[in-house]
Amino acid sequence: MSSKRIHNFAAGPAVLPVPVLEQVQRDLLALPGVGMSILEISHRSKTFESILAETEADIRALAAIPSNYRVLFMQGGASLQFSMVPMNLLGAAETADYIDGGSWAAKAIQEARKVGNVNVAASTKGERYGRLPAQAELKLTSGAAYVHMTSNNTIEGTEYKQLPDVDAPLVSDTSSDMFSRPIDISRHALVYAGAQKNMGPAGVTIVIIRDDLLERAATRKSSLPTMMSYAVLAENNSLYNTPPTFAVYAVGLVMKWVKAQGGLPGMAARNERKAQKLYAEIDRTGFFRGTARKEDRSMMNITFRMATEALEKSFVAEATAAGLDGLEGHRSVGGIRASLYNAFPEEGVDALVAFMKEFERRNG
Ligand code: PMP
């Protein structure tokens, strides 16, 4: 089999920058000056400690993270955060508000309900999550423990352009758009994301948490499983147990690449250009139909449909044969989904647009 790369539109794990893969390959047998592979060294070694510190420093610099926030490297994916957020932050007499804007938000709600009182502040489930709940629709609880939102809905293809206005601490699942554009950390109390879309390989979850929430979490430390406590993770600088060393290393390389591309503003410009090209083709004739409300369209996951499921099936099969992989919509919603994360190259969008035009010419 040839080792030629194809265009990978997968929703995550997803495409990584080629220079990062090349560096991983180059240094895999022996890290320069270390003589051992990143896969083999102790997480307590000076080498790994400096990789961890540098990765954190680059994350902090890229997002201008204020000094009263901690950056934690964890495992268990965003899915574990669905449980950890309420376990650490939701007291017995309190209520947490959740904005139900997509299938992953619904999963977060399901887990939070096992822990405490949840108020669904607004939901667009009845509209198949084709749009985001508007500010005026939010029924927020006064004195809520926190408000939980999902910044980008990976399955339905919607993304917040502006953060909702809330008084309670804002907790955001940014799994599928973290570091794809500038983020105002100071408007959040906690941000979490699995790395496997925009930031690196699967296996590490980035959690950015404000000190006051960490203090709140510390009051629950003794009643939580040790590995589920933000306080324990923070006290041990993400080294309470063995962290996913390789994934942290790879995130570090991706952060250097993002910096070299002009940081988050550079990423946003590039991602907007890619997404607009694809949306322009979707909107060109009506043969393809975007599923998300235009104002809420995601720059990351672009979802669309065709007249019949049979047509969609042949679109995906023919695209795959043409080297355009991973275009099938999430199994729960069907249709087509093109994920255009940070590392997805603009030539791949051009190739998809050309394929769409040709497919329409043959089937329209
Ligand atoms: N939240 C969002 C928005 C996601 O896209 C995903 C994964 N696709 C998850 C949560 C779950 O993430 P994980 O698989 O890392 O647990």
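Predicted model: local features only at pLDDT ≥ 70, side-chain atom pairs only at ≥ 80, totals over all residues.
## Ligand surroundings

The ligand is surrounded by 13 residues, and the closest are Ser79, Thr154, Asp173, Gln196 and Lys197. By class, this shell consists of three nonpolar, eight polar and two charged residues. Helix 3, which spans residues 77–89, supplies four residues, the largest share of the shell.

## Polar contacts and burial of the ligand

For Thr154, a polar side-chain atom lies 2.4 Å from an oxygen atom of the ligand. For Ser79, the distance from a polar side-chain atom to a ligand oxygen atom is 2.6 Å. Trp104 also has a polar side-chain atom facing this comparison, at 3.5 Å from an oxygen atom of the ligand.

The ligand taken alone exposes 390 Å², of which the protein buries 85%.

## Packing of helix 8 and helix 10

Helix 8 (residues 263–283) packs with helix 10 (residues 346–363) at an angle of about 5 degrees, and the two axes are 9 Å apart. Because angles under 35 degrees count as roughly parallel, helix 8 is described as roughly parallel to helix 10.

On the helix 8 side, the contact is made by Arg273, Lys274, Lys277, Leu278, Glu281 and Ile282. Helix 10 contributes Glu346, Val349, Asp350, Leu352, Val353, Met356, Lys357 and Glu360. Sorted by class, the residues in this contact are six nonpolar and eight charged, with no polar residue.

## A cis peptide bond at Pro13

The peptide bond between Gly12 and Pro13 is cis, with omega at about -5 degrees. Pro13 sits in the loop that runs between strand 1 (7–8) and helix 1 (18–27). Most peptide bonds are trans.

## Positive phi at Arg128

Arg128 is a residue other than glycine with a positive phi, near 50 degrees. Its position is in the loop between strand 4 (117–123) and strand 5 (147–150). Most residues other than glycine have a negative phi.

Technical notes
Residues numbered from 1 in each chain as written. Heavy atoms only, no water. Near = heavy atom within 4 Å. Polar contact = N/O pair within 3.5 Å; in protein donor to acceptor, adjacent residues only side chain to side chain. Areas by Shrake-Rupley, 256 points an atom, 1.4 Å probe, with all protein chains shown as cover. Helix = DSSP H or I, 4+ residues; strand = E, 2+ residues; numbered from the N terminus. Nonpolar A, V, L, I, M, F, W, Y, C, P; charged D, E, K, R; others polar. Axes fitted to C-alpha atoms, helices over the stretch in contact; angles between N-to-C directions. Parallel < 35°, antiparallel > 145°, perpendicular 65-115°, else oblique. Contact = heavy atoms within 4.5 Å.
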